Amino acid sequence: MGRGICISDLEQYLKELSKTYNCGGIWICKKFGKRLSFIAGVRPVKLIPPISMEVNKDYVLFIEDDSNIDENERRNILNKIHSYLLFS
Amino acid sequence: MINVVEWVKNRIIDDEIERYTDNGRDFINDDYIESLINNANNKKPDPKKIRDILNKSLAIQTLSLEDVAELIKVSDPDLIEEMKEVAHKIKLKVYDNRIVTFAPLYMGNLCVNNCLYCGFRDDNSIIKRRVLNIKEIEDEVKVLAGEIGHKRLIVVYGEHPSTDVNYIAKSLETIYNVKVKVRNGWGQIRRVNVNAAPMQIKELEVLRDIGIGTFQVFQETYHKKTYSYVHPSNTIKGNYLWRLYSMHRALEAGIDDVGIGALFGLYDWRFEVISLVAHAIELEKKFGIGPHTVSFPRLEPAANTPFIQETRYRVSDDDFKKIILILRLAIPYTGMILTAREPKELRNELVDYGITQMDASTKIGIGAYSDRLTYQELEKQQFEIGDTRTLDELIRDLAKKGYITSFCTAGYRCGRTGSSIMDLLRSGKEGVFCKLNAVITFREWLLDFASKETEEIGLEIINKELREIEKRMPDIYPKVIEYYKRIENGERDLYF
Ligand code: SF4
């Protein structure tokens, strides 16, 4: 699968998450040392400090508001994002 | 033992130039830019047209080269005043009333090039040559992060095998690893920007993986004839296009914050201003990412460098003010760096023109921070600096003018980089982060490093900012206060 297709699928998925959970900004960054470069997602909306969580050793997920996401859903979301990134 | 001649021979990769040209043509059209300038000489500007252009700037749109040529024509004091007001408004909209501070750190002064205007040129025999070793880099950073309180550096390297990509990578790692106990917390450099020679894509990928901040390469002059004259053709730097496409390679390598600049005084300033805008437009067109910063250093005296006295293009203070104003209006989203090359009085005035970053406690001699030199040694420096204020003094002077100093390095640590930050800057959202992070990081600095006098005036500014946040952003305000208290209780490095 081409990189472009996967990243846009991931982008779409993150947009849906933002709507479903009303989490505002939700985006994926790739880690380069201290630097975290934006890869895909919904950019900050609520302008509050985002919560960050590791997808794997190379990628981090940022969510502005995760109060509507329970532990189980969070795990599923991270797994799904991980699989998108595996093919990118 | 490195063979310098061999090293020099293998620096330039033709394919890493040609792949970016448009049918063999680069994006600086000298004849067209000259024609715009000649036209600017002949006709008076139409105030209505100028106001239309200012409206574009206010909407955070990049101006066209023709728009820039129109702005260059303006000499009417009332119109200049309007331009200043708009420049100031743009700055507030995009970055709020904060100034980010940094320090330059020169890592070595060995260079294989022979630029006529530079004190470090290879054939300048009076320069004392030196490259910092790892221990010396640590010593410099301990002073910068532990005594002065800097969080952000621009590290500067000459083009030489002793400061090649491996050295740069090692030095960046070293800088990021220094952590120093300070008054109430700890000091550490959180963002390292790099000013170095043009690099190959695979080298840039090495720097990307280390976690570089911004990668800067200044074209010096965009005017091809002048470029050839001041950069001898038998040097690496003599290759205009290798340098011109440095930022293309950086962006292709995944470094998505890049800084462009020109050295004003080598050729007609109007040509350089139009070309800087052309460079920004080219990057936006090809990568969707404009320059993170623009720099506009003026030529300054350097040891044993007569070219500087001889050039007929030295830029007057009045023209320099116009340069900054036009660049602010032309590339409204970009960061603008005003360095301590310029004297204190001028910097105090120019800060109102939309400047976003300034250096302080600046020393540009190799090893000069830990040597604790209180004077300038020209034979160890690239040029002479004009503003010798300490960081504490600069912050106090900025506060007196109503500016808050920000030590924020949040953007590149949570993905507000590249095309993402472009959108946030254009929409004014980044300005909100700037305001919040300025308050949090400034409080941290006041607690750890400020003199009593600076702390007093600093707290006044913070209180004013907090009142504004409460009024304008009531939803976020409780979170800001929570962070603020956590900082006062000894936590460090919190950000929005
Ligand atoms: S300007 Fe840069 S490349 Fe040129 S001689 Fe000086 S240090 Fe070397």
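1. How many residues does the contact take from chain A and from chain B? In this predicted model, chain A contributes 18 residues to the contact and chain B contributes 31 residues. The area buried between the two chains is about 1900 Å². Carbon and sulfur atoms give 61% of that buried area.

2. On the chain A side, the residues that lose the most area to chain B are A:K34, A:R35 and A:L47. Together these three residues make up 40% of what the chain A side buries.

3. The rule finds three salt bridges across the interface of chain A and chain B. A:R35 takes part in a salt bridge with B:D256, in which the closest N and O atoms are 2.4 Å apart. Between chain A and chain B, 13 residue pairs are in polar contact, with both residues at pLDDT 80 or more.

4. Which strands of chain A each supply at least two residues of the side that touches chain B? They are β1 (26-32) and β2 (35-42). The largest share of this side comes from β2(A), with four residues. By class, the chain A residues that touch chain B comprise 12 nonpolar, two polar and four charged.

5. The structure contains four cavities of 30 Å³ or more. The second largest cavity has a volume of about 240 Å³, and 22 residues line it. Nearest the centre of this cavity lie B:R98, B:R152, B:H292, B:I421 and B:E430.

6. Three elements of chain B, namely β1 (98-106), α19 (418-427) and α20 (429-449), each supply at least two residues of the lining of the second largest cavity. That lining has eight nonpolar, eight polar and six charged residues.

7. How much space lies in the largest pocket? The pocket holds about 500 Å³. Its lining is formed by 26 residues, and those closest to the centre of the pocket are B:S361, B:T362, B:K363, B:L373 and B:T390.

8. The lining of the largest pocket draws two or more residues from each of α7 (134-148), α17 (368-371), α18 (391-400) and α20 of chain B. Helix α20 of chain B also supplies at least two residues of the lining of the second largest cavity. The largest share of the pocket lining, three residues, comes from α7(B). The residues of this lining fall into 11 nonpolar, nine polar and six charged.

9. Over all chains, the salt-bridge rule gives a count of 62. One of the salt bridges joins the side chains of B:D26 and B:K224, at 3.3 Å from N to O. This pair links distant parts of the chain, with the two residues 198 residues apart. B:D26 lies in the loop between α2 (15-18) and α3 (30-42) of chain B, whereas B:K224 belongs to helix α10 (residues 224-230) of chain B.

How values were computed
Residues are numbered from 1 along each chain as its sequence is written. Chains are lettered from A and ligands numbered from 1 in the order in which they are written. This is a predicted model: local features need pLDDT of at least 70, side-chain atom pairs count only at pLDDT 80 or more; totals for chains, interfaces and linings use all residues. Side-chain values use heavy atoms; hydrogens and water are left out. Contact means heavy atoms within 4.5 Å. Buried area is the accessible area (1.4 Å probe) that two parts lose on being put together, summed over both. A salt bridge is a side-chain nitrogen of Lys or Arg within 4 Å of a carboxyl oxygen of Asp or Glu. A polar contact is a pair of N or O atoms within 3.5 Å; within protein, one must be able to donate a hydrogen and the other to accept it, and residues adjacent in sequence count only if both atoms are side-chain atoms. Ala, Val, Leu, Ile, Met, Phe, Trp, Tyr, Cys and Pro count as nonpolar, Asp, Glu, Lys and Arg as charged, and the others, Gly among them, as polar. On a 1 Å grid over the protein atoms alone, a cavity is a set of points where a 1.4 Å probe fits but cannot get out, and a pocket is an open set with protein on both sides within 12 Å along at least five of seven lines; lining residues have an atom within 4 Å of a point. Grid points are joined across faces, edges and corners, and a volume is the space filled by probe spheres set on the points.
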